[in-house]
Amino acid sequence: MPRNPIKGLTALLAAVAVPLAVCAVLLPVRDTLSQTNVALILMLVVAAVAALGNRWAAALTALSAAVWFVFFFTTPYGSFIRFNNADDIVTAGLLLVVGLAVSQLARRFSREHAIATTLQRSLLPRVLPDTSAARVACRYVPAEAEVGGDWFDVIPLPGFRTALVVGDVVGHGLRSAVIMGRLRTAVLNFSTLDLPPDELLARLDDVVNQMDAEAGAGQDVNVVATCLYAIYDPISRSCTMARAGHFPPAIVHPDGRVEIVDLPAGPPLGLGGLRFQAVERSLPEDTQLVLYTDGLIHNRYRDIGTGLKLLCDTLSGVGLDPEKTCEMILEKVLPARSVDDAALLVARTRAFPPDRIAEWDIPAIPASVPALRTEVLAKLAEWNLEETAFATELILSELVTNAIRYGAPPVHLRLLRDTTLVVEVSDGSSTSPHLRYATDMDEGGRGIFLVSQFAERWGTRFTPTGKIVWAEQSAPSVPVAPVLTSVG
């Protein structure tokens, strides 16, 4: 029974009163109605109550409907124990059995829907991470009937870049929610490799194909999903994006102009073997990047073109606040009765302050390292980061020396100062350094190990012309840039 006594009493009264009211309406015309017609009408009433999801109210309604049917339409105003014929008993029993069966189905549906909704919400990010690249706001709106597989994510990347992700698993129900969780986890793992968007989608496509292979021939429907992955760099103010069968993002320029990015569609995830293409766009500061799923713009009553036009018209009147943008989009664009869930992610770009960047072109000779260390120490003193001087000097010495000895020109050093201090050394070689554990008798092999000990994180990012080896360390005296993060 319901734990709330008031709700339980209300359900009991409704279960008794609703069938009684229906019987009272039908009573004046009972002579013109067959018992079968009356029973069908009462069954529809039971089914309507069961659709509300309260199994106790549905069961009580079925019992009440059977009782009132016997009283009013088998032995009118007579005793409950006198029946005109055996058909009265069969009809009343059938009404009760069907009503109880409908209530049981409603219970199972309600339980599965609650499990799927809870699972999906637990797999979506609860709090978006702080990022200096963009102010971010997001919303997720579940479908009225069944939950789907829509998801979103904001992933901080090395060099103060930020990855923005939205995706959609085709289908509804518990299975779609589980697949969504697996795909989101895969994206998080692949993002640690710092892959460009097109390569990440290619690996995610392999994951979907692996899911199909694991399911085998017993799976009726193959996994099909769409995804949009974008990386924004606040230093170069560029955004690289690729999509796998997903809707392209919308861009709101600082002057209010709105455009849908002309981004190659790419195949949906799960087809395998097809190529994804990445596009790089320059985004001025205070540009809003809007990522969404199909449930926001498309339903059975509105085609895609109409939905996209409505979205652009709405975005043309929004301001610079991502939260207000989300609210306005949901108010004016989201269908009133959505049969599909919708995910929305809005990011307002920021530009990295030039006074927090220091760069040096390094001659490819080991003798240039001492002079470089002196200049870097002077820059740290200018930034009031003297406490990081020892670790920074060791890190850049190892990384620059490795680039000179084992890499290829040009060699470049960049320091980034924000919530952390980042040392980046780039060169023209694609050979990546790896961590070694030197023995007591080894004369070398300890450089990257020392870097890993003094830095909080380190890694390698490949570029079209070579690679960047980076190391990140805490800088407690650096002020934190204001960032808005919220999940609706």
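Q: Which residues in H10 meet H11?
A: Val369, Leu372, Arg373, Val376, Leu377 and Leu380 in H10 do. Across from them in H11 are Ala389, Thr392, Glu393, Leu396, Ser397, Val400, Thr401 and Ile404. Contact means heavy atoms within 4.5 Å. Helices (H or I, at least four residues) and strands (E, at least two) are DSSP runs, numbered from the N terminus.

Q: And how many of those are nonpolar, polar or charged?
A: The contact of H10 with H11 divides into nine nonpolar, three polar and two charged residues. Ala, Val, Leu, Ile, Met, Phe, Trp, Tyr, Cys and Pro count as nonpolar, Asp, Glu, Lys and Arg as charged, and the others, Gly among them, as polar.

Q: What angle do H10 and H11 pack at?
A: About 145°, with the axes of H10 (residues 369–382) and H11 (residues 389–406) 10 Å apart. Axes are lines fitted to C-alpha atoms, for helices over the stretch in contact, and angles run from 0 to 180 degrees between N-to-C directions.

Q: Before we go on, what am I looking at?
A: A predicted model: local features need pLDDT of at least 70, side-chain atom pairs count only at pLDDT 80 or more, and totals for chains, interfaces and linings use all residues. Residues are numbered from 1 along each chain as its sequence is written, and side-chain values use heavy atoms, with hydrogens and water left out.

Q: Thanks! New topic: what is the strand order in the open sheet?
A: E2-E3-E4-E5-E8, five strands with antiparallel pairing. Two strands pair if DSSP finds at least two bridges between them. At the edges are E2 (149–157) and E8 (279–282), each pairing on one side only.

Q: How many bridges join E5 to E8?
A: Four, with E5 covering residues 238–244. Ser238 sits opposite Ser282 in E8.

Q: Which strands does H5 touch?
A: H5 (residues 174–191) packs on the sheet against E2, E3 (161–169) and E4 (225–233), and its direction makes about 15° with that of E2. H6 (residues 197–215) lies across E4 and E5, at about 25° to E5.

Q: How many residues are in the largest nonpolar core?
A: It has 52, and those with the most contacts inside it include Trp151, Phe152, Leu183 and Tyr229. A nonpolar core is a set of buried Ala, Val, Leu, Ile, Met, Phe, Trp, Tyr and Cys residues joined through side-chain atoms within 4.5 Å. Buried means under 20% relative accessible area, exposed over 50%, partly exposed in between (1.4 Å probe, protein chains only). E4 gives the largest share of this core, seven residues.
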